Amino acid sequence: MTIRVGQQAPDFTATAVYDQEFVEITLSQYRGKHVVLFFYPLDFTFVCPTEITAFSDRYTEFAELGTEILGMSVDSQYSHLAWIQTDRKSGGLGDISYPLVADLTKDISKAYNVLDPEAGVALRGLFIIDPDGVIMHATINNLPVGRNVEETLRVLKAFQYIRNNPDEVCPANWSPGDKTMNPDPVASKDYFSAVN
């Protein structure tokens, strides 16, 4: 099954490493919150730690927005723990602020359609899931290019804004405080006349 935005995010139960302990988590336990779920290829690699630590360094901003972050790869929880226990200066993660999920069976990566079957690893998929469990945003990078945490925050804020203001839409490059638009042929002219 191919998933797409607007559909329910596939639920899962898996072991994660959080606060240097093994914990069982389900996606559904985060209902009522936004979730940023991102997949990365492998532990002890090169682009991956830059993404994982960048999300961790900005975790407080996500938490203030009622959002949980979950990172996931096809590695085991033991590998995740060893990487967390490795210092950042040596290519490790050090302590991070959110769970790293183990998808050793690759079932979750398959469910989210991010598994590269030839390489046997997940592509860099990122999903923003709303409090009702609906996928609102999905992006997938090929292996060599990392994601932008600032852009993830911007898109998250836009979806939160329209959730609270359902009669408005966010135009290109919208950031909090920017003018929004009424999706109506007549009312939208207020926006266009203000910005053009």
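This is a predicted model: local features need pLDDT of at least 70, side-chain atom pairs count only at pLDDT 80 or more; totals for chains, interfaces and linings use all residues.

Visitor: What does the record say about Cys48?

Guide: The unreviewed UniProt entry carries the annotation "active site", and that covers Cys48. Such annotations may be inferred rather than shown by experiment.

Visitor: And His34: why is it called buried or exposed?

Guide: Set its value against that cut-off of under 20%: His34 has a relative accessible area of 6%, so His34 counts as buried. Its place is in strand β3.

Visitor: What makes the link between the side chains of His34 and Gln160 a polar contact?

Guide: A polar contact needs a pair of N or O atoms within 3.5 Å, one able to donate a hydrogen and the other to accept it. The side chains of His34 and Gln160 are joined at 3.2 Å. Gln160 is also among the residues that His34 touches, as are Leu156, Arg163 and Ile128.

Visitor: How do you know that β1 and β2 pair?

Guide: Pairing takes at least two bridges. β1 (residues 13-18) and β2 (residues 21-26) have 6 bridges and run antiparallel. As one detail, Ala14 stands opposite Ile25 in β2. The hairpin has 2 residues between the strands, and there Asp19 takes a positive phi near 55 degrees.

Visitor: How many bridges join β1 to β5?

Guide: There are 2 bridges between β1 and β5 (residues 100-102), antiparallel again, and "at least two" is the requirement, so they pair. Ala16 has Val101 as its bridge partner in β5.

Visitor: Which residues touch the most other members of the largest nonpolar core?

Guide: Of its 23 residues, those are Phe38, Ile52, Phe55, Phe62, Ile69, Tyr98 and Leu100. Among the elements giving two or more residues are β3, α1 and α5, and α5 gives the most, with 4. Apart from this core lies another, of 21 residues, including Ile108 and Val114.

How values were computed. Residues are numbered from 1 along each chain as its sequence is written. Side-chain values use heavy atoms; hydrogens and water are left out. A nonpolar core is a set of buried Ala, Val, Leu, Ile, Met, Phe, Trp, Tyr and Cys residues joined through side-chain atoms within 4.5 Å. Buried means under 20% relative accessible area, exposed over 50%, partly exposed in between (1.4 Å probe, protein chains only). Contact means heavy atoms within 4.5 Å. Lists of a residue's contacts leave out its neighbours within four places in sequence.
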